[in-house]
Amino acid sequence: MPKRILQGVVVSDKQAKTVVVKVERRFTHPLLKKTVRRTKNYHAHDEAGHKVGDVVSIEETKPISRLKRWVVIEAAKA
């Protein structure tokens, strides 16, 4: 099974080698037929040291710590 890759914006870089990435997904509501936006935060391992506001791609990986199951693979082309 391939690893999932998500794209989002760094919202926190205060932890050492960890960034918090906000990922937004859009879908059509099944009853209202309106486009709905939902966001979720992911803790990702980051060796490069990205800053708040950077658009990054994160990839699923084995558990690194209690919260980290993602790793930053690159700064996405926005």
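Modeller: Let's start with Arg26, which counts as exposed because its relative accessibility is 58%. The cut-offs go like this: buried is under 20% relative accessible area, exposed is over 50%, and partly exposed is in between, using a 1.4 Å probe and protein chains only. Before we go on, keep in mind that this is a predicted model, where local features need pLDDT of at least 70 and side-chain atom pairs count only at pLDDT 80 or more, while totals for chains, interfaces and linings use all residues. Residues are numbered from 1 along each chain as its sequence is written, and side-chain values use heavy atoms, with hydrogens and water left out.

So what does Arg26 pair with? Its partner is Glu24, and the closest N and O atoms of this salt bridge are 3.4 Å apart. Here, a salt bridge means a side-chain nitrogen of Lys or Arg within 4 Å of a carboxyl oxygen of Asp or Glu. The general idea is that side chains of opposite charge can pair when their charged atoms come close. Glu24 itself is partly exposed, at 40% relative accessibility.

Glu24 also meets Arg37 in a salt bridge, at 4.0 Å from N to O. Glu24 sits in strand S2 and Arg37 in strand S3, so this pair ties together parts that are 13 residues apart in sequence. (Strands are DSSP runs of E, at least two residues long, numbered from the N terminus.) Arg37 is exposed, with 55% relative accessibility.

Now zoom out a bit. Five strands close into a barrel in the order S1-S2-S3-S5-S4, with mixed pairing; two strands pair if DSSP finds at least two bridges between them. Strand S1 (residues 5-12) and strand S4 (residues 55-60) run antiparallel and are joined by five bridges, with Leu6 opposite Ile58 in S4. S4 also runs antiparallel to strand S5 (residues 70-75), again with five bridges, and there Ile58 stands opposite Val72.

Back to charges: the salt bridge count comes to four. One of them links Lys17 and Glu47, whose closest N and O atoms are 3.9 Å apart. Lys17 is in the loop between S1 and S2, and Glu47 in the loop between S3 and S4, so this pair ties together parts that are 30 residues apart in sequence. Lys17 is partly exposed at 49% relative accessibility, whereas Glu47 is exposed at 55%.

Terms used:
Helix = DSSP H or I, 4+ residues; strand = E, 2+ residues; numbered from the N terminus.
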